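This briefing concerns the structure shown below.

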Amino acid sequence: MLVFEAGYYHDDQDWFAAGGIDRLTTEDSPGCAAGVLFDLATEPKTDADGMEAAALAGGIFQRPGRPESPEAREQWNHLEDLSFDAYVDVCVVAMTGAYNYSQRCWIFEPASRTFVAHAGLAELIFMAIEPRTRTLKSGYRAGGPVYVSAEHGWIGGKLVELRSQTSYLGEKPDGTSLPPGFGSYSIQYERRGDKLVKVFDGPVP
């Protein structure tokens, strides 16, 4: 069982909301060991970018196994199987910005019955989970007219990038003008074996 110590909490049949999360833990149960996922009191005072430690923003969470609710659809928190191993994993919004947001993610490890922080998964914002293909899609604005989208999958238990695309709207990567008739510039990569290979680099109509 996940336990949220938060500034506010609201309960609904298909979803719940928890915000200003100071502490996130699990209680001991037949399926899960007791543990601490996040504790603001023990977080470093500042991160690598010089940002001060703060409570997790959180928000609305869809309850696993319940009908999808419109309230949760527009939120970015996840309580669902992100590693496609039939166990629920967790991603919680940490901070929101003008165009993007940051998040903290934990994968459930059945052998230890604990949730383990996963930095790679935390990088995948605006996620779309594709159970049929067992992939995770993400995309975000990198700044200015630059947009990045990617698709990830799990290979040998590791999260790897399968393909990615960086699009520059209305200009080339160096900021110069595109040829007449072209609206963007795209750089695309695809995984071939154990390497990412550039498959396209040029203007797009």
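**Briefing on the predicted model**

Tyr-147 lies in strand 11 (residues 146–155); helices (H or I, at least four residues) and strands (E, at least two) are DSSP runs, numbered from the N terminus. This is a predicted model, in which local features need pLDDT of at least 70 and side-chain atom pairs count only at pLDDT 80 or more, while totals for chains, interfaces and linings use all residues. Residues are numbered from 1 along each chain as its sequence is written, and side-chain values use heavy atoms, with hydrogens and water left out.

- Tyr-147 is partly exposed, at a relative accessible area of 34%; buried means under 20%, exposed over 50%, and partly exposed in between (1.4 Å probe, protein chains only).
- Apart from neighbours within four places in sequence, Tyr-147 is in contact (heavy atoms within 4.5 Å) with Tyr-140, Arg-141, Ala-142, Gln-165, Thr-166, Ser-167 and Leu-169.
- Between Tyr-147 and Cys-91 the separation is 56 residues in sequence and 22 Å in space, C-alpha to C-alpha.

**Nonpolar surface patch**

- Val-197, Val-199 and Phe-200 make a nonpolar surface patch of about 190 Å².
- Patches are made of residues with over 30% relative accessible area and no salt bridge; like charges are joined within 9 Å, and nonpolar side chains (Val, Leu, Ile, Met, Phe, Trp, Tyr) within 5 Å.
- Accessible areas come from the Shrake-Rupley method with a 1.4 Å probe, and for residues only the protein chains shown count as cover.
- Val-199 belongs to strand 14 (residues 195–204) and is partly exposed, with 34% relative accessibility.

**Salt bridges**

- The structure holds 10 salt bridges, each being a side-chain nitrogen of Lys or Arg within 4 Å of a carboxyl oxygen of Asp or Glu.
- One of them joins the side chains of Glu-5 and Arg-23 (3.6 Å, N to O). Glu-5 lies in strand 1 (residues 2–11) and Arg-23 in strand 2 (residues 15–26), so this pair ties together parts that are 18 residues apart in sequence.
- Glu-5, Arg-23 and Asp-39 are linked in a network of salt bridges.
- Asp-28 and Arg-113 also meet through their side chains in a salt bridge (3.4 Å, N to O). Asp-28 is in the loop between strand 2 and strand 3 (35–39) and Arg-113 in the loop between strand 7 (101–109) and strand 8 (114–117), so the pair ties together parts that are 85 residues apart in sequence.
- Asp-28 is exposed at 58% relative accessible area, whereas Arg-113 is partly exposed at 28%.
- Arg-73 pairs with Glu-68 in a salt bridge, with the closest N and O atoms 3.6 Å apart.
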